[in-house]
Amino acid sequence: CGVVDIMMHTLERYVNPLENDMTDEIAEALLRVVIRHGEAVVKNPGDIDAMSEIMWAGSLSHNNLTGLGGKKDFSVHQFGQAIGEKFDIYHGETLSAMWASYARYVAPTNFARFARYARNVWGVEEADDEKAAMAGIDATEAYFKRLGMPVRIAELSCGVQDEAGLYDLALRCSRNRGRTIGSFRVLDFEDMLNVYQMANK
C-alpha cells in the first residue's frame, strides 16, 4: 500500500495540464526508483537498502517537489477515498484498484502525456502516442499485480458493486453532485460514475 501511495502522490502531480521539464524529470526518476525497489521491499521488508530508497522517495513524493510547475490532479485519491470511507478499506488498495481505469478514461485528453510517462518510466518504445500511453498504463497495472495489490473494485474486500452501489460511490465522490474533481480532465458526476463502472469488474 505504501509503494502504491508513493507512486500515486507523484502520478497525481505528474498528470496535469501544465508540463515542466525539470519537474517531470524529477517525477520520472522517482517513479523508476520506486518501481525498481518496491518489489524488493514487499518481498523482504528487512531489506534496509531497498527500504531506504522507498522512504526517501516517499518523502519527496509527498512534499510537492514532484509537482512544481503544475496543478495537482488527485482524482484517483478522490475515487479511492470514497471507497475507503464507505467500506473501511486500506487507502493504497483503493488507489491501485482505481488508477488504471481512471487513466484509461482520461488518457484521450492528452495521449502524449501518458506516452511520455510510458517511455520515460517504463521504457516503452512505441512511436504512436496512443499505443504508448496504453502500454504504460498496462505496465503500471501489471506492476500493481506483482505487488499483490488489487486493480479492480471486484478485488477489494467489498467485492463487485451493483449499479446502486456504484451510483452511491459517485455521489460520495462528487459530494452529492456538488463538485467536480481533477485538473488533467475535469470530471463531473457522470464521469465519476463511468470510471467506477470501468473499475468494477
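Asn 64 counts as partly exposed because its relative accessibility is 34%, where buried means under 20% relative accessible area, exposed over 50% and partly exposed in between (1.4 Å probe, protein chains only). The structure is a predicted model, in which local features need pLDDT of at least 70, side-chain atom pairs count only at pLDDT 80 or more, and totals for chains, interfaces and linings use all residues. Residues are numbered from 1 along each chain as its sequence is written, and side-chain values use heavy atoms, with hydrogens and water left out.

Asn 64 is located in the loop between α3 (48-62) and α4 (75-87). Helices (H or I, at least four residues) and strands (E, at least two) are DSSP runs numbered from the N terminus. The phi angle of Asn 64 is positive, near 80°, in a residue other than glycine. The loop between α3 and α4 also holds Phe 74, which is not a glycine and has a positive phi of about 60°. Most residues other than glycine have a negative phi, and most peptide bonds are trans. Phe 74 is buried, since its relative accessible area is 15%.

The protein chain contains 9 helices and 0 strands, and its pattern along the sequence reads α-α-α-α-α-α-α-α-α. For 201 residues, a compact globule would have a radius of gyration near 17 Å, and the 16 Å of the protein chain agrees with this. The radius of gyration is taken over C-alpha atoms, and the globule rule is 2.2 Å times the number of residues to the power 0.38. The C-alpha trace spans about 45 × 35 × 30 Å along its principal axes.

Buried residues make up 52% of the 201 residues of the protein chain. The accessible surface amounts to about 8900 Å², and carbon and sulfur atoms account for 51% of this area. Accessible areas come from the Shrake-Rupley method with a 1.4 Å probe; for residues, only the protein chains shown count as cover. Contact means heavy atoms within 4.5 Å. Of the contacts between residues at least 6 apart in sequence, 69% join residues at least 24 apart. Charged side chains number 21 positive and 29 negative, and the centres of the two sets lie 2 Å apart. Lys and Arg count as positive and Asp and Glu as negative, with His and the chain ends not counted; the place of a charge is NZ of Lys, CZ of Arg, CG of Asp or CD of Glu.

In soluble globular proteins, nonpolar side chains tend to be buried together. A nonpolar core is here a set of buried Ala, Val, Leu, Ile, Met, Phe, Trp, Tyr and Cys residues joined through side-chain atoms within 4.5 Å. The largest such core has 60 residues, and those touching the most other members are Phe 79, Met 98, Trp 99, Tyr 102, Phe 114, Phe 144 and Tyr 196. Helix α5 (residues 91-106) provides the largest share of this core, 9 residues. Beyond residues up to four places away in sequence, Tyr 102 touches Val 15, Asp 73, Ser 75, Val 76, Phe 79, Phe 184, Leu 187 and Val 195.

With neighbours within four places left aside, Val 4 is in contact with Gly 92, Leu 95, Ser 96, Phe 144, Leu 147 and Met 149. Under the exclusion of neighbours within four places, the contacts of Ile 6 include Leu 30, Val 34, Ile 54, Ala 57, Gly 58, Ser 61 and His 62. Gly 58 lies in helix α3 and is buried at 12% relative accessibility. Outside four places in sequence, Thr 10 touches Ala 27, Leu 30, Leu 31, Ser 61 and Thr 66.

Asn 200 is placed in helix α9 (residues 189-200) and counts as buried at 3% relative accessibility. Its contacts, neighbours within four places excluded, are Ile 153, Ala 154, Val 160, Gln 161 and Leu 166.
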